[in-house]
Amino acid sequence: MAADPVLTFTERGIYCPAGGFHIDPWRPVDRALVTHGHADHARPGHGAYLATPAAGPVLRHRLGDIRLEAADYGAVQRIGDARVSFHPAGHVPGSAQIRVEVGGEVWVVSGDYKTVPDGLSEPFEPVRCHVFVSECTFGLPVFEWAPQAAVAAEINGWWAASVAEGRTPMLAAYALGKAQRLLTMLDPSIGPVLTHGAVEETTAVLRAQGLPLPETIRVTPELDPKAHPGALVLAPPSALGSKWARRFGAVSTGHASGWMRLRGVRRRRAADRGFVISDHADWPGLLSAIRATGAEKVFVTHGYTEIFSRSLNAEGWDAAIVPTEFGGETEDEGDAG
Amino acid sequence: MKDFAALVARIDQTTRTSAKTEALADYFARASDDDRLWTVALFSGRRPRRAITTTELREWVAERAGLPLWLVEESYPVVGDLAETIALILPPPSRGSDRSLAEWIALLRGLRDMPPEVRKAEVLAAWDALDASERFIFNKLLTGGWRIGVSQKLMTRTLARATGRTEAEMAHRLMGAWEPATTTWHALIEAEDAAADLSRPYPFCLAHQLDDGPESLGRPEDWRAEWKWDGIRGQLILREGQHFVWSRGEELMTDRFPELARARDFLPPGTVIDGELLAWRDGPLPFNALQKRIGRKTVPAKLLKEAPVALAAYDLLEDAGEDIRALPFDARRARLAQRLAELPPEAPLVLPPLVAFADWATLAATRATARDHAAEGLMLKRADSPYHVGRKRGDWWKWKLDPLVIDAVMIYAQAGHGRRANLFTDFTFAVWDGGALVPFTKAYSGLTDAEFRRITAWVRRNTQQRFGPVRQVTPHQVFEIAFEGLHESPRHKSGVALRFPRMSRWREDKPPEEAGTLDELKAMLAAYG
């Protein structure tokens, strides 16, 4: 009888029979290895959690009093019969790919990743493996990102122009990762940055663990927007057009997401501006990452799995889709992008 | 082209009408006459004739980007727009170009007469000289189907302001058969007498939907009511011995409805009538009959017999060569009645009767019988109202019957296009036939964006099988499907086809077992089909 594969895809998520643990499971398990703190990867209710030290504070902030152990990047530990290590994924601060080795065979689960450094997250590190489980949120050739500096110039230009027009720019971005990345791109000489509570709380957690984040002002019920002329407001997408947003009067709205690459999605969001910036790899990024692993077999998940796997197969890889019912596809494109 | 691309970008980058108007005004103030003329043409739905097939474009972009063709094909539905897909896939340009919009269009117009290899070389060279936003526009010009966030109304208003004319006059100038290749900016927009083109229609007056009862409209005696028959809105123009038939979408339909040529025998030149084209034999035939005529450029004799078309004449816009749109409705209607009074039965025009009523309650009772009159409700028009330009609130109302409804189970889902790419928005619904679910309709609209996002997440988790882009889902979700009517259809498995089906309610309270049945549909078919 053939040995169990290093990792299997179960109804609770990715499972390692040799180590008796799950990776980013979406139903409660005894032992969860978690790639990063986004809600679709780090869920409540597991018996024990293992994540990088930099991912820990956000996990605690979101999930409360959990049993959490830290795994330093690159440090190999034995769990059951598996050798496990965490490696930078470049997605958000503290995010990891997880390498699992059993009997000499190496599998790597990418979690979410991007290959281009954002100046804040630990830069993506290619890990050699036999089998690579890769996300492919943006696995189509229409997705290609401009350099971060170019997007920063676009956003700052919009900020300055909105202020000149007497409007408050309100930028929507996912509260963990994207918001902090944007903070480092914003030009403080234009004005102060006001933050929605959801953004401020994650920012405070990351600031407390030593990340170099600029100053922000939390929007409280008492805050008088007029007391902060020239300000930009950073908020989660759900806050745009909400009652909360009304206090700022005339606004110019913007979304910062990889999906903004598509005109149709920009129009659906009905925002004034869409800025194409993502914490996921673009098409060239996915291909270069996969190439760098040296893997022969690739499992794809999250995104355009059918098209992306077909494309990999045509290029000579042995690619398959992580079965849908186990795929835990992301539910809101706005948060995933 | 850079100025035009910048204009499109500015329009795209805002949802505010004032900002769009300002962008247009800036552009019109600066652009050359040729560029202005083409801009007006493009924004009013005119475009150069297609010189390249979309198949060729897909092949060329695949070759240029070094991708297999299937990958281009698969990317297209995700993006939802071929011109945009191509713009996104192409590698960056190696140079720039200072050609103007009009110059690029001149090049495009020339492509048709070039040998295929030259055409290809020209397009590849163009792609290599345009940045991402210019390419998108260039590709739009190649593929047609121009839809940008500027309504014709907004453009008309901007042009009217810029030239000091009224909006109504500008709207009239922009109507009809003019082509940028054969006119000039001056002749179209500026000339004192826009040398009246014989075929030029008047802008249509459009009605708003009356959602509550008519009591809010005031005194019943100030209003007139007509049956709202479901056909194709059309304008019949008789001038100098010729006739023209226009659709509301400003499409010339003269040849599609040859019956109307006979109108010249019965009505004097200088007559323009607004009405509804209907399949007609002693009364309106079901829309199904007219459907056979739609899309046919020439009509075989057999079909002319089977589904003869007449114009139900509702309004008179021009009488004896005089524009009478400013007269009150009652006065226009009286003249119309006079013109049509002596028509023989073989004339392709009918004068629908006004629906008499003494008070709103009587009218409501009459409306309830609309389906018996093959109508979808009533039209209400204020007796003293002029014939407005466009959709002006207050004087014209459509008061439709409540739609028919049936609860149905979702069985297939497919992602949408364009604005709805990446969301599951196109669904197939089924009703019960004994223990089996029989598909009977598709529906795409009626849910909010938030509901589409929620059902999309559900579809992803509950996919049972995939057939290309279509997913078979667990038969669990029940939706109320609303529709305007139904007719027998041998092409459908269920034997019926619905008119204007849409999702009117997500019945999360209903288990799938309690959804509607094929027998219910058949009963509706017997009653209303």
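A residue counts as buried when its relative accessible area is under 20%. The model at hand is a predicted one, and a search through the whole of it turns up 47 salt bridges over all chains. A few of them are picked out here.

B:Glu484 is a handy place to start, as its side chain meets that of B:Arg502 in a salt bridge, with 2.8 Å from N to O. B:Glu484 sits in the loop between strand S19 (478-483) and strand S20 (485-488) of chain B, while B:Arg502 belongs to strand S22 (residues 502-506) of chain B, so the contact ties together parts that are 18 residues apart in sequence. B:Arg502, for its part, is partly exposed, with a relative accessible area of 23%.

Another pair in chain B brings B:Glu318 and B:Arg239 together, their closest N and O atoms being 2.8 Å apart. This one runs from strand S7 (residues 309-319) to strand S4 (residues 232-239), linking distant parts of the chain, 79 residues apart. Both B:Glu318 and B:Arg239 are buried.

Then there is the salt bridge between B:Asp128 and B:Arg64, where the closest N and O atoms lie 3.6 Å apart. Here too distant parts of the chain are linked: B:Asp128 is in the loop between helix H8 (116-127) and helix H9 (132-143), and B:Arg64 is in helix H4 (residues 54-65), 64 residues apart. B:Asp128 has a relative accessibility of 16%, so B:Asp128 counts as buried, whereas B:Arg64 is partly exposed at 32%.

Notes:
Residues are numbered from 1 along each chain as its sequence is written. Chains are lettered from A and ligands numbered from 1 in the order in which they are written. This is a predicted model: local features need pLDDT of at least 70, side-chain atom pairs count only at pLDDT 80 or more; totals for chains, interfaces and linings use all residues. Side-chain values use heavy atoms; hydrogens and water are left out. A salt bridge is a side-chain nitrogen of Lys or Arg within 4 Å of a carboxyl oxygen of Asp or Glu. Helices (H or I, at least four residues) and strands (E, at least two) are DSSP runs, numbered from the N terminus. Buried means under 20% relative accessible area, exposed over 50%, partly exposed in between (1.4 Å probe, protein chains only).
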